[in-house]
Amino acid sequence: MILCDTLEDLTRKAAHCIAQYLESRARSKQRISLILSGGSTPKTLYQHFSAPPLIDKMPWEQLHLFWGDERCVPPDDPRNNYRLAYDAFVSRVPIPLENIHRMPAEGPDPFQAAVQYETHLRQFFSGSSSNFPEFDLILLGIGADGHTASLFPEEPALKETKRWVVEVVSDKLEIPRLTLTYPVINHASQVIFLAAGFEKAPVLRCLSLASVGSSDFPFLQVKPIYGGVTFFIDETAASQFDSKR
Ligand code: 6PG
């Protein structure tokens, strides 16, 4: 866990860590795969990728970008996660267009869109011996209710064990979404969580306890089978940590 003073400190440290990790993976693999998160926390982080020094460090030719979840809105909608990344860095870095794998969530049928993206992922990972794709790095945020990607408390998507991508249609959500499922996330080589803001402090407190106990926040179910998990948390999000530890 990396505790950061401020959001700016968090995004700078996380951006450098991500670039260094991807650069190291690119030394041993032809194609490396990064899952981007939506939300406001990564926005500043993404901007670091489109400016020196990181724009010159990132292995753009080998890097393939995917999304962990998406709202069912057109790609030019300001709520769209692809647009968030496109505006923050994708439109301003030398990444080949064919390396950008957007979730096509804007259609009328979220189920069909989920099937379509899963098919695309299966094609990209067709050489893999595993039943699930092994992404090099997955970036995730954490909501104030403990959700991550679009894996929300008490939603059926939490129980999915076979599909790689599912639709999230719930009267608790303003807009239907698509999300990667736990089996995919838990097959990643590395997961990085980004969490900042006082509103995250109550759900993050469990990270400071000897045992998370009965907490069943969705983000706690992210337990990569082979990979590692790193939390970048700012002081405000850690403000309810149990200081006795
Ligand atoms: C999204 C994200 C979502 C986000 C969290 C935290 O599409 O919004 O996938 O899981 O990461 O809600 O969002 P903030 O970074 O804005 O706090």
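## A walk through the pockets and the ligand site

Helix α4 gives the most to the lining of the largest pocket, contributing five residues. Keep in mind as we go that this is a predicted model. The pocket itself has a volume of about 580 Å³. It is lined by 31 residues, and those closest to its centre are Gly38, Gly39, Ser40, Arg71 and Asn81. Besides α4 (81–88), the elements that give two or more residues to this lining are α2 (41–49) and β4 (69–71). Sorted by class, the lining holds 10 nonpolar, 12 polar and nine charged residues.

Now let us bring in the ligand, which sits in the largest pocket.

A polar backbone atom of Ser40 is 2.7 Å from an oxygen atom of the ligand, and a backbone N or O atom of Gly38 lies 3.5 Å from a ligand oxygen. Asp69 uses its side chain: an N or O atom there is 2.8 Å from an oxygen atom of the ligand. On its own the ligand has 420 Å² of accessible area, and the protein covers 89% of that.

Finally, turn to the second largest pocket, with a volume of about 160 Å³. Among the residues lining this pocket are Lys29, Arg31, Phe124, Phe125, Glu134 and Asp136. Its lining has three nonpolar, four polar and four charged residues.

Conventions: Residues are numbered from 1 along each chain as its sequence is written. This is a predicted model: local features need pLDDT of at least 70, side-chain atom pairs count only at pLDDT 80 or more; totals for chains, interfaces and linings use all residues. Side-chain values use heavy atoms; hydrogens and water are left out. On a 1 Å grid over the protein atoms alone, a cavity is a set of points where a 1.4 Å probe fits but cannot get out, and a pocket is an open set with protein on both sides within 12 Å along at least five of seven lines; lining residues have an atom within 4 Å of a point. Grid points are joined across faces, edges and corners, and a volume is the space filled by probe spheres set on the points. Helices (H or I, at least four residues) and strands (E, at least two) are DSSP runs, numbered from the N terminus. Ala, Val, Leu, Ile, Met, Phe, Trp, Tyr, Cys and Pro count as nonpolar, Asp, Glu, Lys and Arg as charged, and the others, Gly among them, as polar. A polar contact is a pair of N or O atoms within 3.5 Å; within protein, one must be able to donate a hydrogen and the other to accept it, and residues adjacent in sequence count only if both atoms are side-chain atoms. Accessible areas come from the Shrake-Rupley method with a 1.4 Å probe; for residues, only the protein chains shown count as cover. A molecule sits in a cavity or pocket if more than half of its atoms lie within 2 Å of its grid points.
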